[in-house]
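This briefing concerns strand pairing and one surface feature of the structure shown below. Please read it alongside the sequence.

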Amino acid sequence: MKEGVRRVLVCSAWPYGSGMLHLGNLVGCLLSGDVLTRFWRLMGYEVLHVSGTDAHGTKIEYEAYRQGLSPKELASRVHREISQVLEKFEIAIDNYTTTESEVHKEFVREIYRQMDKNGYIISREEERAFCNGCKRFLADRFIVGTCPRCGYPAAQGNQCDACGALLEPEELIDPHCAFCGSTDIVRKRTRHWYLDLEKLSPKLLEYVRSRNFQGNVKLFTERMIQEGLRPRAVTRDIEWGIPAPFAGAEGKVIYVWAEAALGYVSATIEYFRRRGEEERWKEFWFGDEVWQVYAQGKDNIPFHTLIFPGQLIASGQGYHLPDQISATEYLNWIGGEQFSKTRRVGIYADEALELLPPVYWRFYLLYHRPETKDTSFSWEEFDKAVNAILVDNIANFIHRVLSFVWSRHGGRVPEAKTDPEIASAIEETYEYVVHTVEKGALAPALRRIAQLARVGNEYFQRKAPWKTHDEAAVASAAHLVKALAIFLEPYIPMFSRRVYEVLGISERKLSDVREGLAGHSLKEKPEPLLEHVDMEDLKRRYEAMKEEGLIGIDEFQRLDLRVGRIVQAEEIPGTDKLLRLLVDLGDRQVQVVAGIRKHYEPGELVGRLVAMVANLKPATIRGVRSEGMILAATDGTLALLSPDKEVEPGTKIR
């Protein structure tokens with residue numbers, strides 16, 4: 001930490017408003033930001049933690065289209081869901097907002113006017129990918145293809161998630177439209193506006209060299225500089241987003257990457273504006289009395305070390321630039337498989353809370369936070385982390401010591417100095433934790449804290465005060481219990497809070513780990529802090545969760561799926577959606593009511609082969625008996641399912 005710093009701004013990367021966070025998303029940004037926030041507060045600094053839901057961009061627009069919602073409806077719903085999950089995980093964010101905030105929109109448009117005025121925004125007419133299938137420009141996630149850098153087959157039009165390369169849609173090899181799947185993609189002329197990163201290069205190089213970026217952050221950033229910075233488009237031909245403020249840019253919006261990071265500033269402004277302290281936001285964005293740390297996944301590194309600082313520099317306002325980037329590698333599911341809600345792969349944040357209390361997830365995710373390489377979730381490692389380390393090593397040691405104080409010493413810690421062996425172990429842990437977290441590494445610090453608990457277990461067993469009546473050993477162990485609770489507070493605050501309640505302490509700072517508990521009385525009788533997790537039961541419940549809504553082969557085989565021929569079709573009076581169909585199934589004819597009137601005329605259906613469920617229980621719809629269901633596909637339009645060859649009515653579908 002630099003001298004003279006009085007306050008810390010923690011900025012956690014903004015999750016997309018397209019869906020719930022999975023465990024990898026959670027530890028990569030918001031959970032890590034929470035640990036950093038709590039740590040710096042324990043260090044005595046004024047700390048502000050900001051983040052929010054990224055409500056704009058092609059990912060939200062595409063997912064909303066897929067679900068039949070407006071982008072605003074989808075982003076608002078997901079924002080509420082994420083906010084509820086964060087509260088349950090006890091992730092402390094002072095302002096968790098959204099890019100739909102009016103404060104954010106106002107700030108983004110103003111800072112781009114400043115960049116434009118200072119000569120860092122350029123525009124040019126160019127040819128952009130356009131889908132002839134659905135008649136739209138294919139920006140960012142609207143187009144998918146092979147990465148020209150690493151060959152990853154599912155790269156998107158703005159970035160390759162495999163190698164981290166920033167891309168333009170036109171660079172993809174063998175692209176196809178994400179909406180309609182068409183490969184009939186042409187280039188169509190349009191005008192776009194760019195942030196002139198090439199012009200900003202000298203100032204960005206000076207900035208990067210002034211920061212001591214670590215590990216993957218340093219590697220990603222240096223690679224981009226070596227490859228050469230070039231102007232980066234900040235507008236898109238899509239409907240959903242913040243209208244671009246440039247002359248002649250009517251109908252265009254600011255590209256999501258080009259406005260989301262600016263939300264760190266607008267969220268700070270919004271926070272203090274709500275508190276009636278209109279100008280205080282500047283204390284976190286100007287001058288040298290603030291230290292800024294950013295928690296994010298590795299895919300966001302170039303945006304935070306080059307592009308976002310470039311925007312701030314280009315504004316000419318003298319903003320404080322990011323000091324530290326605490327970035328993670330990817331946490332994947334078992335065997336390296338990617339998380340997927342639709343394929344029912346992996347655990348999402350809301351699902352995790354249904355399976356276990358958050359204390360277990362927080363400890364596992366932070367103990368195995370992927371800081372040097374991509375990692376995969378493992379039930380075995382989860383078992384070791386939560387049962388062997390958190391419960392057996394840490395929680396049981398604390399309970400054992402406090403119960404001994406309660407039962408053998410009347411709940412009062414003996415008046416004795418801490419053994420130098422324990423005092424030294426605590427001090428070494430303190431220095432290591434502070435030094436490590438200051439560099440943005442969280443997992444090594446947590447593992448060192450767990451190691452301190454092992455030291456305590458070994459010490460207490462070796463000293464055996466139940467035999468020796470060694471009061472100094474009891475006081476030393478109690479001191480170590482207090483130190484562990486404080487060290488663990490940023491990681492598992494709900495656990496530390498329970499220990500504090502037993503100890504009867506409230507106000508504390510990290511340096512209080514150096515102070516023992518000699519003569520201190522416990523406030524209440526200690527109870528076991530955590531229970532073991534039954535791993536077999538946990539895995540069973542996980543499997544049941546993922547199988548919910550699925551049917552077995554036996555259930556599927558109960559369906560009688562057959563091909564039928566429509567022999568009669570007519571409108572049902574008094575309805576605008578329903579048709580009455582008479583369908584030949586070979587051995588019989590059945591009457592079906594189908595809601596397809598807006599998509600098909602009765603005359604074009606007669607003689608057509610269709611797929612249908614032939615053993616559905618009869619139902620009466622608008623006074624007409626329906627004895628089956630014809631099958632159709634829909635993505636906004638509706639298409640009946642038919643065999644691609646002529647077959648006899650009644651043919652069974654297998």
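I551 lies in the loop between α19 (535-547) and α20 (553-557); helices (H or I, at least four residues) and strands (E, at least two) are DSSP runs, numbered from the N terminus. The model is predicted, so local features need pLDDT of at least 70 and side-chain atom pairs count only at pLDDT 80 or more, while totals for chains, interfaces and linings use all residues. Residues are numbered from 1 along each chain as its sequence is written, and side-chain values use heavy atoms, with hydrogens and water left out.

**Surface patch**
- Together, I551, I553, F556 and L559 make a nonpolar surface patch of about 380 Å².
- Patch residues have over 30% relative accessible area (Shrake-Rupley method, 1.4 Å probe, only the protein chains shown counting as cover).
- Nonpolar side chains (Val, Leu, Ile, Met, Phe, Trp, Tyr) are joined within 5 Å, and like charges within 9 Å.

**Open sheet**
- Four strands form an open sheet in the order β5-β4-β9-β10, with antiparallel pairing; two strands pair if DSSP finds at least two bridges between them.
- Because β5 (136-137) and β10 (232-233) are at the edges with a single partner strand each, one side of each has no neighbour in the sheet.
- Strand β9 (residues 185-195) is joined to β10 by 2 bridges, and L195 is opposite R232 in β10.

**Pairing of β6**
- Strand β6 (residues 143-146) pairs antiparallel with β8 (residues 173-177) over 3 bridges, where T146 faces I173 in β8.
- β6 also pairs antiparallel with β7 (residues 155-156) over 2 bridges, and V144 has Q156 in β7 as its bridge partner.

Definitions and conventions
Salt bridge = Lys/Arg side-chain N within 4 Å of Asp/Glu carboxyl O.
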